[in-house]
Structures are given as C-alpha cells and as structure tokens.
Amino acid sequence: MITFKHVTKAYDGNIGLKDVTLSIDDGEFVFLVGPSGAGKSTFIKLILKEIDADEGEIQVGDFRVDQLSNREIPQMRRKIGMVFQDFRLLPKKTVFENVAFAMEILHKSPKAIKRRVPEVLKLVGIEDKSKRYPQELSAGEQQRVAIARAIVNNPRVVIADEPTGNLDPKTADDIMQLLDAINMAGTTVVMVTHAKDIVDKWNKRVVAINEGSIVRDSFGSYGYHENGRPDKKGGRDNA
Amino acid sequence: MRRVFYNLKQAFQQIGRNKGMSAASVFAITAMMLILGLFFIISVNVNVFTEVVKSDYDTVEVYLKDSTTEAQAAQIMNDLKEIKGVSKVTYRTKDQAMKIMKKRWGDSGYLLNSLGTNPLPNSILIKVSNLSSANSVNKAAIKNKGVENTTYYKETIDKVTKITNTIQIGALIIMLFLVVVSVVVVSNTIKLTVFARRREIEIMKYVGATNWFIRGPFLVEGMLIGILSALVSSGITYVVYGKIVAKAGLKMMTMLGSPLVPTGYLCGNLVVIFLALGIGIGACGSIISMRRFLDA
Ligand SMILES: Nc1ncnc2c1ncn2[C@@H]1O[C@H](COP(=O)(O)OP(=O)(O)OP(=O)(O)O)[C@@H](O)[C@H]1O
Ligand SMILES: [Mg+2]
C-alpha cells in the first residue's frame, strides 16, 4: 500500500528523513512513533506530496508519488483519509455538512450525500449529533466527526497524525477502538502517536523513527521511553 | 449546473463578508474603465470625423459672408480660377450644403431639422491640383473681402491624425498601467477572503479537491467584481455622454461638420469592452491571489 525506497528529505540543513526504506501492506495497522523532531510529520507530508522528496521512490496505492504531477495530486489524496490532532473541522458547518463537504468536493450528487453521510455518522457513533456545530461537541465527538469525514469517500488508507493527542485516556481509547474497527473493515491505518500506553496496549506493528531514520520496526510495545532511550524490554525486533 | 450555483452562492457570501474591500475594487476598476471610456469616445468620434470629411480631402472650402451677393461670388470665383494650382472651382449654396450634410450624417441627419434656420454659409469649393498649392490658394482666398473663412481638411486631418495617434499611444500606456493596478487591487481583495477561508482550503486540499474546484468561488468573486464595475462604468458613461450629446452635440456637429456617434451605439460597444475587461481583470486578480495558497 505504502512503499518508501531510500527516501531522503532535507530542510535546508535540517534532516527530515534519511534514506528511509519501508513497506506497509494493504490492510495493516501501523503505529509511527519517535521523539519530537524525529521526522514523523515529514513522512506523512511526503505521502501526501505536500513536500517533495530529495531522493528515493514513494509508492502509495497505484500512485508513484515522487513522479506525480501537480494535477494528479488530488486523485491520489482521494484515496487517503486524513485525521489530525486538532480535528480541523469547519466551525460554521454542522456535523453533517462537515462530512458532506468531503463528498461535495468529489462532485457527489446530493442524493448520494444524503444516503452516505448518515451511514458514516452512525458508523462512528454520532448519528444523533448530525445537526450540531463542532464547538457544541466534546473533543472525542469532534474527532469522530473528523474520522467520519476521513472515511466517507472510502479511502484505502487512513493516516492519523496524533489523533488522540488532545483527548483524555478514556476518550482516546474510544477513538482507538474506532480506528481499529476501520482497520478491521480492510482499510490500512497509519497512526502517528506519542502515547506509549496506547501503543503498548494495542499490540500492533510499531515503526520507530529517530533523527530521520527508522530505528526499529517490530510488533508489540512502544519500545522507547518518552525521552527516546531504548526500552530494555522492548518489542520483538523483526527488522 | 450545481457547481455554477455553488460557486455563485459562495462568491456572493464572500463579497458580502468583505464589502469594504469589494467596493474599493469596484471603485478602482470603475475609475480605470471611465478613463478608458473617455479615450474610446474620443477616438471613435475622431474616426467618424475623419471618415466623414475624407471626401473633401483635397478641397479647399471657402465660406462666404452672408452679405456676399451671388454676383460678388461669381467675381471671387473668377479670381480664384486665375491662381496657379487650382483645377476646378464650384459654387455651393447653403441649401445644397445642408442637403449634403444631412446625407453624410445618415441616421443622425434628423438632428439637423431642429436647427430651424440654416446656419450653414454659401461656399465655393476649390479643387487643388496638388497639396503644396493648397496653402497658397488658401491664403489668397482668405484675403478676399467677401470671404468669411476657409477650411482645408487635409491639414486638419493630418493634425487630428497626429494628435489622435499620440493620444492613443499615451492612452495605451496609461491603460496598461491602470489594468495592472486593477488586477493588483482585485487580487488583494480576494486574498482577504482566501485568507479568511484558508482552513477550509487546507481541508479541501487534504480531501483531494482539485485546484480548479478550490478556485471556483474566488474566480467567480473576482469576475463578479469585474462585471459590477463594467455595469457601473457603462451606466455612468451612458448618462454623461448622453448629456454631452444632448447639450453640446449639435453645436459641435455644425462646427466640426461631422456628427457625434450616437449614445446608444457607442455605449453598446463600450459595455461589451467593459465586461470583457472586467471579467478578465477579475479572473486574473483571483488566480494571482490564490497562487501561493495552491502550489504544493
Ligand atoms: N519546513 C521546515 N523547515 C525546516 N525544517 C523543518 C521543516 N519541517 C520540519 N523540519 C525539521 O525536520 C525535522 C523533522 O521534523 P518533523 O516535523 O517531521 O518531526 P516530527 O517527528 O513530526 O515531530 P513532532 O512529534 O514534534 O511533530 C525536525 O528537525 C524539524 O525541525
Ligand atoms: Mg509532527
């Protein structure tokens, strides 16, 4: 689904990513972890072609991202659902409209929108809040709306950049349940997180980045302390 | 169709939220268009004038005083015939002159009916064999006691053409400058609405909206500003030019020997030019204003 081959990205002087090679298969759930400034956001921006790699190949689904022309970028992004730490909902639109918005952009008919949006809102568990505005919702509910928007067009992969960063542990766990359910339904999920407890609990593939390089790629626990030092009883290394 | 409606709705909302700047852009573009309109009116009228008088191109026209009798006129004609370089001399009564003028003015000819008494003088037309002799013929003719005035269109046309060419070049430079200014004003106006909606634009990009989809409402906003400016300036031009034609038109017509271009006809053309220009400026302004937000 997502393949990086010897990808390097430098920001005038700063290292973004350094010779990263990584493959994420269709249907996988991957935690992307690492200290601040490690290169996690750089990794995501490269997938979305918000920035261009200096070297290497990037494949996302059927798209060779590094060779994509600007005109093809929207087509590629339609196959990716994005979820952010700060939800990024439009405050002047209702829950329904925020989700419908993602379908309008793809020129979907009002009929299709009226059918699909309630379906997705039900899936994420906020079908009763469809007429509310984002600021009338709890943080967890807002993130559900954001997830609904991310999956409404049936993307092949959902990328979540610290989706639980603004949530209390209980709500974070609910959001994880939801992302896991989405993954169970066949969608690839890549989730950036700093939350050691979540990674340890969910026992998924963990890719750890530090200073632009992959330092560990294994199943199981976070494997690092918050300060970036290796954890003695870290996960099983499969690299 | 749904897209058109969506873009229009968004554009009107954006203008509504940004009234001050939108009004300022309409004002700037209108000012620019009015100046363009002025140049347009001048050059169209000059063109008509040169067209109309072209038939008298190589003729020195000698206007006689009202007090000059036909016998005196015949004497003057004989004198003129003697001058070197004169090939033909004809007499034209004021009634003939009026008839000819009416014919030349075509559709505007009816305007002459309101003159009451015929203000045109009797005249003698001198065909000159070559242009260099026209000057001496002219001089000799005006010395005569029975002669009120003379015109020689070649000279006038040359002068007018020279002046209008200069005006047109000057106008073109000023216009280019004003168009650039208008585009900048529009792009700054739209930049404000783009900025106000930057979060929405960002989300649109993440969800995979094409650049043209994102541009749509802003493009329409720019074009609406342009269309509004075009309508305002056409209206102003119509009213002002109409007043000029009504008030001074007849006087200028008899003075120049050529009609002013009718208001309806002139404004009909001008509104098309203004609309094209306004839409162009609006579209360019909005595309420029979005460039930074859409690359990447
Ligand atoms: N636009 C930029 N210009 C210059 N340097 C940048 C830019 N963006 C990122 N960097 C640098 O690249 C490195 C990787 O940054 P990145 O944003 O990928 O980190 P991150 O892993 O997402 O960190 P965080 O967990 O804090 O979000 C950092 O050293 C950062 O300072
Ligand atoms: Mg980051």
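1. Ground rules. The model is predicted, so local features need pLDDT of at least 70 and side-chain atom pairs count only at pLDDT 80 or more, while totals for chains, interfaces and linings use all residues. Residues are numbered from 1 along each chain as its sequence is written, chains are lettered from A and ligands numbered from 1 in the order in which they are written, and side-chain values use heavy atoms, with hydrogens and water left out. Helices (H or I, at least four residues) and strands (E, at least two) are DSSP runs, numbered from the N terminus.

2. First sheet of chain A. Four strands make an open, antiparallel sheet in the order 2-1-4-5. Strands count as paired if DSSP finds at least two bridges between them. Strand 2 (14-24) and strand 5 (63-64) of chain A are the edges, each pairing on one side only. Strand 1 (residues 2-11) of chain A is joined to strand 2 of chain A by seven antiparallel bridges. Phe4(A) has Leu22(A) in strand 2 as its bridge partner.

3. Helix on that sheet. Helix 1 (residues 40-47) of chain A packs on the sheet and touches strand 1, strand 2 and strand 4 (55-60) of chain A. Its direction makes about 115 degrees with that of strand 1 of chain A. Contact means heavy atoms within 4.5 Å. Angles run from 0 to 180 degrees between N-to-C directions, and axes are lines fitted to C-alpha atoms, for helices over the stretch in contact.

4. The other pairings there. Strand 1 of chain A also runs antiparallel to strand 4 of chain A, with five bridges. Lys5(A) stands opposite Glu57(A) in strand 4 of chain A. Strand 4 and strand 5 of chain A share two bridges, again antiparallel. Here Gln59(A) has Arg64(A) in strand 5 as its bridge partner. The hairpin of these two strands has two residues between them, and Gly61(A) takes a positive phi near 60 degrees.

5. A further hairpin in chain A. Strand 9 (residues 204-210) and strand 10 (residues 213-220) of chain A pair antiparallel over seven bridges. Asn210(A) is bridged to Ser213(A) in strand 10. Two residues lie between the strands, and Glu211(A) takes a positive phi near 50 degrees.

6. Helices 3 and 4 of chain A. The axes of helix 3 (residues 95-104) and helix 4 (residues 110-124) of chain A come within 10 Å and cross at roughly 125 degrees. That makes helix 3 of chain A oblique to helix 4 of chain A. Angles under 35 degrees count as roughly parallel, over 145 as roughly antiparallel, 65 to 115 as roughly perpendicular and the rest as oblique. The crossing of helix 3 and helix 4 of chain A is right-handed; that term applies if the near helix is turned clockwise from the far one by less than a right angle, left-handed if anticlockwise. Helix 3 of chain A contributes residues including Phe96(A), Val99(A) and Met103(A), and helix 4 of chain A residues including Ile113(A), Val117(A) and Leu121(A). The contact residues divide into 10 nonpolar, no polar and three charged. Nonpolar covers Ala, Val, Leu, Ile, Met, Phe, Trp, Tyr, Cys and Pro; charged covers Asp, Glu, Lys and Arg; the others, Gly among them, are polar.

7. Helices 5 and 6 of chain A. Helix 5 (residues 139-151) and helix 6 (residues 169-184) of chain A pack at about 15 degrees, with axes 10 Å apart. Helix 5 and helix 6 of chain A are therefore roughly parallel to each other. Their crossing is right-handed.

8. Sheet of chain B. Four strands form an open, antiparallel sheet in the order 2-3-1-4. Strand 2 (86-92) and strand 4 (147-152) of chain B are its edges. Neighbouring strands are turned by 20 degrees on average, direction ignored. Strand 2 and strand 3 (residues 123-128) of chain B run antiparallel, joined by six bridges. Val86(B) has Val128(B) as its bridge partner. Helix 3 (residues 70-82) of chain B lies across strand 1 (59-64), strand 2 and strand 3 of chain B, at about 170 degrees to strand 2.

9. Chain contact. Ile203(B), Tyr206(B) and Val207(B) supply 36% of the area that chain B buries against chain A, more than any other three residues.

Notes
Buried area = accessible area lost by both parts, 1.4 Å probe.
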